[in-house]
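Here is a short report on one protein model. Please read it with the sequence and the 3D view side by side.

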Amino acid sequence: MNDFDNILVCGGGGAVFFEFLRAHAPELRRRLRMDGGSTFSNVRGFQVVADYSANEASANR
């Protein structure tokens with residue numbers, strides 16, 4: 001863990017996991033960061049992949 005400056009917690013359950021880590025691994029507290037938009041981060045990721053795939057399919061026609 002000494003190689004990591006920050007640990008970014010994100011995703012739909014990120015807030016729960018973040019609080020769990022803060023409570024059960026206090027040595028990580030100074031490294032933990034919470035993504036402010038974690039509720040929709042998976043959806044945003046799926047949208048990026050879908051847009052990329054659509055653009056690639058259009059380019060290959």
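## Arg44 and its contacts

Arg44 is in contact with Asp35 and Gly37, once neighbours within four places in sequence are set aside. Contact means heavy atoms within 4.5 Å. Arg44 lies in helix α2. Its relative accessibility is 42%, so Arg44 counts as partly exposed. The classes are set as follows: buried is under 20% relative accessible area, exposed is over 50%, and partly exposed is in between (1.4 Å probe, protein chains only). Arg44 and Asn6 are 38 residues apart in sequence; their C-alpha atoms are 22 Å apart in space.

## Basis of the model

This is a predicted model, in which local features need pLDDT of at least 70 and side-chain atom pairs count only at pLDDT 80 or more, while totals for chains, interfaces and linings use all residues. Residues are numbered from 1 along each chain as its sequence is written, and side-chain values use heavy atoms, with hydrogens and water left out.

## Overall build

The protein has two helices and two strands. From the N terminus on, the order is β-α-β-α. The radius of gyration is 17 Å, well over the 10 Å that the globule rule gives for 61 residues, so the protein is more spread out than a compact globule. That radius is taken over C-alpha atoms, and the globule rule is 2.2 Å times the number of residues to the power 0.38. Helices (H or I, at least four residues) and strands (E, at least two) are DSSP runs, numbered from the N terminus.

Along the principal axes, the C-alpha atoms fill a box of roughly 55 × 25 × 15 Å. Of the 61 residues, 20% count as buried. The protein exposes about 4,900 Å², and carbon and sulfur atoms supply 57% of that area. Accessible areas come from the Shrake-Rupley method with a 1.4 Å probe; for residues, only the protein chains shown count as cover. Among contacts with a separation of 6 or more, 59% join residues 24 or more positions apart.

## The nonpolar core

Which residues make up the largest nonpolar core? Seven residues do: Ile7, Val9, Phe18, Leu21, Ala25, Leu28 and Leu32. The elements giving two or more residues to this core are β1 (7-9) and α1 (14-24). A nonpolar core is a set of buried Ala, Val, Leu, Ile, Met, Phe, Trp, Tyr and Cys residues joined through side-chain atoms within 4.5 Å.

Leu32 touches Ile7, Val9, Phe18, Leu21 and Arg22, not counting residues up to four places away in sequence.

Gly14, Phe18 and Leu21 are buried in α1. Seen down the helix axis, the buried residues of α1 fall within an arc of 65°, so they line one face of the helix. The arc is that of the directions from the helix axis to the C-beta atoms. An α-helix has 3.6 residues a turn, so residues three or four places apart point the same way. The buried residues of α1 pack against β1 and β2 (32-34). The face turned away from the buried side carries the exposed residues Val16, Ala23 and His24.

Gly14 has a relative accessible area of 2%. Leaving aside neighbours within four places in sequence, Gly14 is in contact with Val9 and Met34. Gly14 and Asp35 are 21 residues apart in sequence and 8.0 Å apart in space, C-alpha to C-alpha.

## Phe46 in α2

Is Phe46 buried or exposed? At 62% relative accessibility, Phe46 counts as exposed. Phe46 lies in helix α2 (residues 41-59). Phe46 and Phe4 are 42 residues apart along the chain, and their C-alpha atoms are separated by 27 Å.
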